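Subject: Handover of a structure

Dear colleague,

Please find below the structure that I am passing on to you. My notes on what was found in it follow directly after.

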Amino acid sequence: MGRSSLGRLGRFDAIVLTSTLWFLGKFVRFAFPPLFERIAGVYEVSTAVLGTAFSGLLLVYAVLQFPSGLLADRFSSVAVIGSGAALAALGALALAVDGPFVLLVGAMLTIGAGTGTLKTVGVRLLSRAYPHRTGRTLGVFDTFGTFGGVAAPAAVVVFSGLPGLLGAGWRTTFLAAGLVGLAVTAAFVARVPARVSEVDVGGTGTGEGVPVREYAALFRNPRFSAFVAVTVLFSFAYNAAIAFLPLYLTREAGLGSATASLLFSALFAVSLVQLFTGELSDRTGELPVIAVTLGLATVGLGSVVLLTGVGGAVPLGAAIVCLGLGSHGYRPVRSAYLMSVIPASVAGGSLGAVRTLLMIAGASSPALVGFLSETAGFKPAFWLLTAALGLGTVVSAVLWLFE
């Protein structure tokens with residue numbers, strides 16, 4: 001292969017390595033929901049306790065969004081992503097050995113902190129590295145990440161059935177993720193700076209940035225704030241749905257754990273739709289795609305609840321695929337829309353502020369659903385999530401109508 005061919009391939013270093021880190025970040029996060037039943041038995045804790053622990057992971061992830069974006073605006077995107085990825089890998093390695101429940105919770109919080117740097121700064125880096133194909137690039141980025149959710153349940157099933165290397169078999173999932181994470185982080189830090197230096201993704205390097213009030217000024221725009229509300233509603237519904245969907249399918253729908261894990265994987269397997277919706281948004285605009293995909297997600301989640309106790313695995317699987325198509329199709333277009341309306345000088349911090357809000361909403365919802373599941377039941381909790389998605393659909397449609 002000639003130097004020119006290698007040079008053309010080299011242009012993809014940034015997207016491949018950044019997306020792989022996002023894949024690993026999502027992998028370690030989505031390995032927890034399929035393990036809830038097992039963890040509850042091992043540590044003798046309730047669903048509410050597990051939901052609260054997972055909410056803690058998501059909450060730490062959420063509060064890191066704005067600081068990581070702010071640091072990327074002022075210093076280096078590569079340094080922020082590399083540090084976070086290494087921290088997440090160390091958190092995963094801490095779960096490779098048997099230990100008390102407090103160690104599990106501490107590792108979950110560490111993973112939340114480490115992965116909290118990956119999405120906001122990754123979107124900033126890739127939007128600047130590939131400015132003419134932002135929708136397509138972020139579609140690839142989100143697809144890589146989402147396939148972490150496809151791989152995680154399958155890996156949990158495989159490793160749970162094998163002898164553990166350092167602890168119980170399921171802990172090997174985190175051992176493998178941690179070791180691979182450290183290796184990819186090293187490659188990212190070594191190669192990406194040379195590939196993206198020409199498009200100024202390194203920040204000012206001086207530590208001097210724009211005043212915080214300039215980040216807040218965006219929220220005085222009613223259209224911008226309305227769209228932020230859409231992102232918050234989606235995050236609230238989606239994070240709780242994916243946290244408890246395997247448990248919902250076993251307890252409410254009466255499916256076996258293996259079938260529930262398979263359907264949970266199907267939710268992420270359809271994430272290839274992000275490549276299509278990202279490309280479509282480059283051509284037609286973001287708001288029409290956002291309204292349609294949110295509507296599809298609403299229909300999917302509502303159908304899951306309606307089919308519970310009536311339909312078997314196949315119709316439930318179809319509803320979950322519908323939920324997945326809408327949810328995953330929406331996500332890269334949301335990021336592309338935000339990057340198109342946020343000034344470049346405050347892109348990292350402003351996107352971080354938005355993601356902090358939506359992730360705080362997403363972090364609180366598993367704890368709320370865990371509580372409702374033990375008081376009112378899973379069905380009312382999932383109807384609440386469906387209503388949140390429906391409201392987000394209506395607001396996005398109004399924004400599209402009056403664009």
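Of the 403 residues in the chain, 57% count as buried. Please keep in mind that this is a predicted model, and that the values in this message were computed from it.

The overall picture is as follows. The secondary structure consists of 18 helices, with zero strands. Among the contacts in the chain with a separation of 6 or more, 85% are made by residues 24 or more positions apart. The chain exposes about 15100 Å², and 70% of that area is supplied by carbon and sulfur atoms.

I turn next to the empty space inside the model. Rolling a probe the size of a water molecule over the atoms shows where such space is left. The count comes to three cavities of 30 Å³ or more.

The largest cavity holds about 140 Å³ of space. It is lined by 15 residues, and those closest to its centre are R29, N239, R331, R334 and M359. Two or more lining residues come from each of helix 2 (13-30), helix 12 (222-251), helix 16 (313-341) and helix 17 (347-375). By class, the lining of the largest cavity has seven nonpolar, two polar and six charged residues.

The second largest cavity has a volume of about 100 Å³. Its lining is made up of 13 residues, with L24, G25, A85, A88 and A89 nearest its centre. The elements that give two or more residues to this lining are helix 2, helix 6 (77-94) and helix 10 (172-196). Nine residues of the lining of the second largest cavity are nonpolar and four are polar, while none is charged.

Finally, I would draw your attention to one residue, Q274. Where in the secondary structure is Q274 placed? It belongs to helix 14, which covers residues 273-284. Is Q274 buried or exposed? Q274 counts as buried because its relative accessibility is 0%, and the cut-off for buried is under 20%. Leaving aside residues up to four places away in sequence, Q274 touches G139, D142, T143, T146, H328, G329, R331 and P332. One of these, R331, is also among the residues closest to the centre of the largest cavity.

With kind regards

Conventions. Residues numbered from 1 in each chain as written. Predicted model: local features only at pLDDT ≥ 70, side-chain atom pairs only at ≥ 80, totals over all residues. Heavy atoms only, no water. Helix = DSSP H or I, 4+ residues; strand = E, 2+ residues; numbered from the N terminus. Buried < 20%, exposed > 50% of the residue type's maximum accessible area, 1.4 Å probe, protein only. Contact = heavy atoms within 4.5 Å. Areas by Shrake-Rupley, 256 points an atom, 1.4 Å probe, with all protein chains shown as cover. 1 Å grid on protein atoms, 1.4 Å probe; cavity = no way out; pocket = protein on both sides within 12 Å on 5 of 7 lines; lining within 4 Å. Points joined across faces, edges and corners; volume = space filled by probe spheres on them. Nonpolar A, V, L, I, M, F, W, Y, C, P; charged D, E, K, R; others polar.
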